[in-house]
Structures are given as C-alpha cells and as structure tokens.
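Hi there,

Here is the structure I promised to pass on.

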Amino acid sequence: MKSAIYYKTKRITINLIIHLFLLTVAVSCLFPLLWMLSSSLKTQETIFKDMSIIPKEFHFENYYLAWKEGGFGRYFLNSVIYTVSVVIGIIVVASLAAYAFSRLSFPGKNLLFYIFMAAMMIPLPGSFVPLFVLMNKLHLRNTALGYILAMINVGLSTSIFLLKTFFDKMPKELEDAARIDGCSKLGIWWNVALPLAKPVLAVVVVFNALNVWNEYVLALIIFDSKALMPLQVALMNFHGEFITKYPLLMAGLTLTALPIIITYIFMQKYIIKGVTQGAIVG
Amino acid sequence: MKIKSILENYMFVLPALVIFAIFYIIPFVWVFQIGLFDWDGISPTRIFVGLNNFIEIFKEDKIWWQSMWQAGYITLIALTFQNALAFLLALACDREIRLKNFYRLIFFIPPILSEVVVGLVWQWILDGNYGLLNYWLRNLGLAHLARSWLSDPKTALTTVAIIHSWKGFGWGFLIFLAGLQTIPRELYEAARVDGADAWYIFRKITIPLMVPVGVLVAILTILGTMQAFVLIIAMTGGGPAYHTQVPVLRILASMRGSSRFGYACAQGITFGFILMIVSFIQYRFSKKFRQI
C-alpha cells in the first residue's frame with residue numbers, strides 16, 4: 001500500500017496541472033480583449049510604438065471621437081433599434097404560432113410545423129442572393145423595415161421550436177380555468193401562457209438579441225446608405241478606409257463588444273441555454 | 001368544430017406563416033430558378049442558360065474547388081485541434097474543482113462575440129509590421145519566426161483556422177461538459193470499488209458514453225465551419241491571392257464582385273447539396289453508434 005502522503009501529493013500535483021491548463025486557456029480568451037481595450041486608449045502616433053499592455057497615457061477622448069466623428073454613435077443607435085425591433089417582433093410572432101401549434105387545432109397543423117422545423121435542418125448557403133432580389137422587388141432594400149423583417153424570419157423557426165416545447169409541457173389547468181371564466185383564446189395567450197413562459201422567453205430574447213447584434217451579411221447586402229448601417233458593417237467599412245485610424249477602430253470594437261459582454265455576465269444562464277439549444281436544434 | 005373557431009386558430013399562425021413564406025420559401029424557390037439564368041440581378045432581361053452555370057462550376061471554376069478544399073482544411077483543424085481542446089477542458093472541469101464557474105464563464109466569451117470583432121482584433125494582433133505577436137517574437141529573440149501571418153500564403157489559411165478554433169471551442173466545451181455531467185457518478189464509484197484505475201475508467205466508461213455527444217459536436221462543427229466566412233472577411237478578405245477563400249465567400253464574390261446572380265445561385269445549390277450529403281452521412285453514422 002502506498003502512503004497517504006503519496007496520494008495527497010499526487011492529487012495536489014494533478015490539480016495544479018489542471019489549473020495551469022485551464023488558466024492558460026482562460027488568459028488566451030481574455031487577452032485579445034484586453035489588448036483591444038489597451039489599443040483603444042492610445043493615439044495614432046503611439047499605437048505603433050507603445051507596445052505596453054497598460055498604456056502610458058489613457059486617451060479616453062478616442063471614445064468621444066469614435067462616437068461623434070467616427071459615426072459610431074449613429075451606428076450604435078441603429079444596432080439598438082434593429083435588435084429591439086427584431087426581438088419584439090419574434091416574441092410576438094413566434095409565441096403566437098408556438099401557442100397555436102401546441103394548444104389549438106386546425107387542419108394542416110403538423111405539416112406546417114414540420115415545414116418550419118425543416119427550415120432549420122436544410123442548409124441554404126448563399127440564400128442572401130435571392131433575398132437581395134426579393135428585397136429589390138418589394139422596395140424593401142435599403143430600408144430598416146426590410147432588414148427587421150428579414151431578421152425576424154432568421155430567428156423564427158428556432159424560437160417557435162423552443163416556445164412550443166415549453167408550451168407542450170405546461171399544465172393545462174390554468175388555461176382551462178381562464179376559459180371557464182370567459183377568457184378568449186387571445187386573452188389566454190396573453191394573460192396565461194406568456195407570463196408562465198417567462199423563463200423560456202428570456203432564452204428566446206437573449207438568443208435572438210445576440211444574433212441580431214452580431215449579424216453582418218444581411219446588413220451588408222440590404223443597406224447602401226451609411227445612415228442605416230448597424231455596427232458590424234460600419235466597423236468593416238471603417239477598417240477598409242485608406243488609412244485605418246486604429247485607436248478609433250479599437251474604441252469602436254470595444255463599444256460593440258461591451259454590451260454583449262455585460263449582457264452575458266448578467267444573463268449567462270439564459271445565453272448558454274439559448275445558444276446551445278439553438279445550435280442543437282438548428 | 002365550428003369554422004369560425006378554425007379561422008381564429010389560423011390567425012395565430014398567420015403572421016409567422018406570412019413572414020416565413022415571403023422571406024424563406026420564396027428565396028428558396030428562387031435560388032433554383034435564378035441558378036438557370038445568366039443575370040446581373042438588376043436588368044429586366046435575363047438569359048436562360050439551362051445547366052450551363054453548373055457545368056461551369058464543375059468544369060472550369062478551379063478557384064471554387066480550391067475554396068472548397070480550404071474550407072475542408074479549416075474544418076479538419078476545427079474537428080481535431082478545436083474539439084480535442086474542448087473535450088480536454090470539459091474533462092478538466094468535470095470534477096470538484098475551484099473556479100469551475102469562472103472558467104465556464106470565460107470560455108464562452110469568444111463564441112458570443114461577433115466574427116467582425118474577433119476578426120478585426122486578431123488581425124491587429126497578427127499584423128506583420130505593428131502586430132503584438134511579432135513584437136513579442138522579436139523581443140524573445142525569435143525574430144526569424146516573425147512574419148505577416150495573414151498575408152503570407154504559407155501561413156494565412158492555418159492562422160485563420162486557428163483563430164476560428166479559438167472563437168469556437170467554447171461551444172464544444174459546453175456541450176461536452178453537459179454530456180459528461182449526465183454520466184451517473186455511481187458508475188465511476190462502482191468501477192473504483194472493483195479496483196479499476198482512472199485510465200481504465202476513462203476508456204471503458206467515459207469514452208463509450210460520450211460517443212453520441214462527440215458525434216453531435218462533430219456534426220455541428222462541420223456544418224458550422226464549412227459555412228463560416230465573416231471571420232475570414234474581417235481577417236483576410238479571402239486573400240492573399242485566394243489562399244483563404246471559402247465557398248460562401250465565392251458566392252458573395254459572384255454576386256457583388258462580378259454581378260453574376262445566376263452563377264452565385266448555382267454555387268449556392270452545389271454547396272447546399274454537398275452539405276446535405278455530409279450531414280446525411282454523419283446522421284447515418286451517429287445512428288450506427290447509438291445501436292452499439
């Protein structure tokens with residue numbers, strides 16, 4: 001038999017190696033963000049020479065310049081508008097449909113549901129090409145409404161799936177009670193089903209909000225005018241300009257990443273649930 | 001049932017149906033239609049060319065197939081390096097260990113950031129002249145290793161693949177960890193009581209039970225990585241000289257660069273079919289594994 005000390009040292013060594021491994025990867029995850037933040041506080045002159053991680057001087061005015069002169073204030077507002085509108089749209093449209101698929105009966109119900117689900121399974125790379133043509137025909141190209149509707153469609157199938165799964169498991173008694181009290185179907189959906197679905201609604205909200213905030217290619221093909229562009233496209237344009245103002249670009253990147261990271265820290269549970277479930281069904 | 005009640009029920013799905021029909025079904029049908037034409041996407045006339053677009057893809061478009069191989073190469077690195085890392089990290093966290101929640105929080109930060117943000121930040125770090133990586137290499141006396149990572153044809157594709165893995169391993173980590181946590185602890189206890197060592201337990205209990213999870217992660221990795229392209233736009237734009245081109249970038253280039261909408265749709269259909277075949281094979285494989 002080996003001594004207790006042998007086992008203890010062995011366990012401590014193994015734990016140490018594991019922590020070292022985990023810590024190395026964790027640092028590699030955070031460091032690029034730290035470097036982004038650090039670069040955003042340098043000037044166009046010092047950024048190419050001063051390679052220190054903590055800058056010698058903090059030029060917070062870069063954020064002001066990026067917001068005002070870089071136009072990121074405008075793009076930030078656009079991104080907020082698109083994200084909020086799409087999320088509200090999806091919540092209403094998807095929860096109505098999911099409630100019907102779960103609770104109401106009508107001919108062709110299963111077929112319709114399977115069509116929605118098939119849309120998640122069939123890969124359609126390059127679907128932005130016919131979408132561009134369609135947007136032109138409907139005169140929705142280069143409009144906020146066109147982008148919002150297209151993005152509602154993107155999140156629709158997954159959201160319907162998540163909500164229907166939840167409604168299926170929900171006890172029927174409350175709805176029955178409401179019906180006996182004379183509540184209409186729409187009233188039950190609004191007063192009973194939606195409040196009960198809060199946990200899954202949170203998942204749907206953060207999953208879609210993240211998707212819209214980070215979306216690039218549809219915004220690229222739908223918008224021509226700068227005034228309508230969301231952050232992601234604006235960042236790429238800013239980078240593509242003749243002389244890239246790196247400190248301002250880094251400030252713009254920080255402004256884009258910050259809301260996501262803050263939301264993530266506070267809503268970690270829902271985000272992880274949403275993105276993993278969204279990925280698995282999609 | 002009364003007709004009025006049925007109509008009422010239809011009203012619930014109507015908004016979803018209308019949006020879905022306009023923005024999903026119509027484009028879906030149009031892809032197949034436009035793919036048969038030579039068309040710039042704007043002019044009122046378009047020329048019917050039958051399957052000529054597809055013939056061109058298969059016979060002449062070398063860059064298209066090069067882009068397919070390159071996406072395959074990135075996928076291969078994601079399948080091996082990225083998923084091995086994800087699995088090892090999940091194993092390391094599947095125990096009573098301090099800071100477990102902290103690690104889980106951090107590992108999922110790269111996946112939630114946009115590809116544009118990740119791409120542009122890494123592009124700045126990897127810059128040939130002013131990048132931090134080359135600065136560090138020079139300071140460590142490894143100046144001969146410093147290079148323009150993203151504009152050197154020898155390193156560009158692998159660099160892109162590694163950054164893609166950096167952004168994506170958090171997914172695999174979370175799914176693997178969730179899988180590991182479903183393995184009943186009693187199984188491990190029982191094996192230990194019977195005198196099995198850690199390596200034996202790992203091979204005979206952990207690995208067999210994790211096969212279905214592994215297949216799931218592999219499917220998600222392949223479908224996700226083959227279609228990834230925004231990260232590449234942000235890092236290299238497909239260059240140097242087509243060395244980091246991938247299929248979806250080619251589709252975008254056919255559409256926006258050369259205004260060949262018919263050809264872009266034909267490329268999309270070709271790629272879509274290839275992805276369908278890949279996921280079908282994977283699906284069959286995963287069924288086989290589940291039977292064992």
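Below is what I found when I went through it.

First, a word on confidence. This is a predicted model, and it scores ipTM 0.90 and pTM 0.91. The mean pLDDT of chain A is 89, with 96% of its residues at 70 or more. Chain B also has a mean pLDDT of 89, and there 97% of the residues reach 70 or more. Within chain A, the element with the lowest mean pLDDT is helix 12 (82), while helix 3 of chain A has the highest (95). Within chain B, helix 13 (residues 261-291) comes lowest at 83, and helix 6 (residues 115-125) comes highest at 95.

Now to the overall build of chain A. Its secondary structure consists of twelve helices and zero strands. Chain A has a radius of gyration of 24 Å, well over the 19 Å that the globule rule gives for 282 residues, so it is more spread out than a compact globule. The C-alpha trace of chain A spans about 75 × 70 × 35 Å along its principal axes. Of the 282 residues in chain A, 43% are buried. Among the contacts in chain A with a separation of 6 or more, 77% are between residues 24 or more positions apart.

How do the two chains meet? In chain A, 64 residues are in contact with 64 residues of chain B. Several helices of chain A each supply at least two residues to the side that touches chain B, including helix 1 (4-39), helix 3 (72-103), helix 6 (144-169) and helix 11 (231-240). Helix 12 of chain A gives the most to that side, with 13 residues. By residue type, the side of chain A that touches chain B divides into 52 nonpolar, eleven polar and one charged.

- Helix 11 of chain A has seven of its ten residues buried, so it is largely enclosed by the rest of the structure. The buried ones are L231(A), Q232(A), V233(A), A234(A), L235(A), M236(A) and F238(A).

- F167(A) lies in helix 6 of chain A. This residue counts as buried because it has 21 C-beta neighbours inside 10 Å, where the cut-off is 20 or more. Leaving aside residues up to four places away in sequence, F167(A) touches A98(A), Y99(A), S102(A), R103(A) and A193(A). F167(A) and L124(A) are 43 residues apart in sequence, and their C-alpha atoms are 29 Å apart in space.

- Helix 3 of chain B (residues 62-93) has 32 residues and reaches 45 Å from its first C-alpha to its last, close to the 46 Å expected at 1.5 Å a residue. Helix 3 of chain B also bends by about 30° at A78(B).

- I251(B) is in helix 12 (residues 247-257) of chain B. With 26 C-beta neighbours inside 10 Å, I251(B) counts as buried. Which residues does I251(B) touch, not counting those up to four places away in sequence? They are P125(A), G126(A) and V129(A) from chain A, along with A264(B), Q267(B) and G268(B) from chain B. I251(B) and W64(B) are 187 residues apart along the chain, and their C-alpha atoms are separated by 9.1 Å.

Definitions and conventions. Residues numbered from 1 in each chain as written. Chains lettered and ligands numbered in written order. Predicted model: local features only at pLDDT ≥ 70, side-chain atom pairs only at ≥ 80, totals over all residues. Helix = DSSP H or I, 4+ residues; strand = E, 2+ residues; numbered from the N terminus. Rg over C-alpha atoms; globule rule 2.2 N^0.38 Å. Buried ≥ 20, exposed ≤ 12 C-beta atoms within 10 Å, placed from the backbone. Contact = placed C-beta atoms within 7 Å. Nonpolar A, V, L, I, M, F, W, Y, C, P; charged D, E, K, R; others polar. pLDDT = per-residue confidence, 0-100. Expected span 1.5 Å × (residues − 1). Bend = angle between axes of the 7 residues up to and from the residue.
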